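Please look at the structure first, then read on.

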Amino acid sequence: MKIYICSILILCSFFAKAHEYRLQTRRITVEDGLPNDFVYQTMQDRDGFMWVATNYGYCRFDGYEAEIYYEQVDKKRKSARYNSVTAILQDQAGKLWIIYNHFAAWQTASNTMMIEIFDPLSKEALSFDQYFGQEAPFAMTEVILVSGINEHKLRLVTTQGEVY
């Protein structure tokens, strides 16, 4: 009987503790400042900001407002090289790797992956080639996959099968 009562007390204390950690969620939409409702990915950076990759650019959400980065028609852009941002990853230096899957209608129906490295502090973005210059052991056109291995570490795979 004592074991039965102890078991019940332990279970009750577990459920009481679990109740303390209830997650609060909130749906964020275009009305809240998202550039588009079609979201490819969300990512929380090491400073706690939420970054949202959408079909019309990307944004930083601080819990109250969204700061949008997208290609402007007049080419005086805030940041985004193309509008369709499919992923956002953060490296060890705190820079964000913005991955675009750019569809060019004037090409032969091909998709082209583009990478931009964005500094959240200066709010400056450079293309992969501008950021690395001649230091990269491969060209941007050779990259076929960019993924996060764990927190702040990235993996790049090239058409040659090389992994960086």
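Ring pairs join W97, F128, Y131, F132, F138 and Y164 into a cluster. Rings of Phe, Tyr and Trp (its six-membered ring) pair if their centres lie within 6.5 Å; planes under 30 degrees apart count as stacked, over 60 as edge-to-face and the rest as tilted.

This is a predicted model: local features need pLDDT of at least 70, side-chain atom pairs count only at pLDDT 80 or more, and totals for chains, interfaces and linings use all residues. Residues are numbered from 1 along each chain as its sequence is written, and side-chain values use heavy atoms, leaving out hydrogens and water.

**Aromatic pairs**

Searching the whole structure gives 13 aromatic pairs. Two of them are set out below.

| Pair | Distance between ring centres | Angle between planes | Type |
|---|---|---|---|
| Y58 and Y69 | 5.2 Å | 20° | stacked |
| W97 and F128 | 6.3 Å | 70° | edge-to-face |

Y58 belongs to strand β3 (residues 57-61) and Y69 to strand β4 (residues 66-69), so this pair ties together parts 11 residues apart in sequence. Helices (H or I, at least four residues) and strands (E, at least two) are DSSP runs, numbered from the N terminus.

The W97 and F128 pair links distant parts of the chain. W97 is in strand β6 and F128 in helix α2, 31 residues apart. Both are buried.

A charge also meets a ring. The charged end of R60 sits over the ring of F49, 4.0 Å from its centre. The cut-offs are NZ of Lys or CZ of Arg within 6 Å of the ring centre and within 35 degrees of the ring normal.

**The cores**

Which residues have the most contacts inside the largest nonpolar core? They are W97, I99, I115, F128, V143, V146 and L156, in a core of 14 residues. Such a core is a set of buried Ala, Val, Leu, Ile, Met, Phe, Trp, Tyr and Cys residues joined through side-chain atoms within 4.5 Å. Elements giving it two or more residues are β5 (85-90), β6 (96-104), β7 (110-119), β9 (143-150) and β10 (153-158). Another core, of 12 residues, lies apart from it; M43, A53, Y100 and A125 are among them.

**F128 and M140**

Beyond four places in sequence, F128 is in contact (heavy atoms within 4.5 Å) with residues including W97, G133, A136 and M140. M140 lies in the loop between α2 (128-132) and β9. M140 is buried, at 6% relative accessible area. M140 and D129 are 11 residues apart in sequence and 6.7 Å apart in space, C-alpha to C-alpha.

Note on methods:
Buried < 20%, exposed > 50% of the residue type's maximum accessible area, 1.4 Å probe, protein only.
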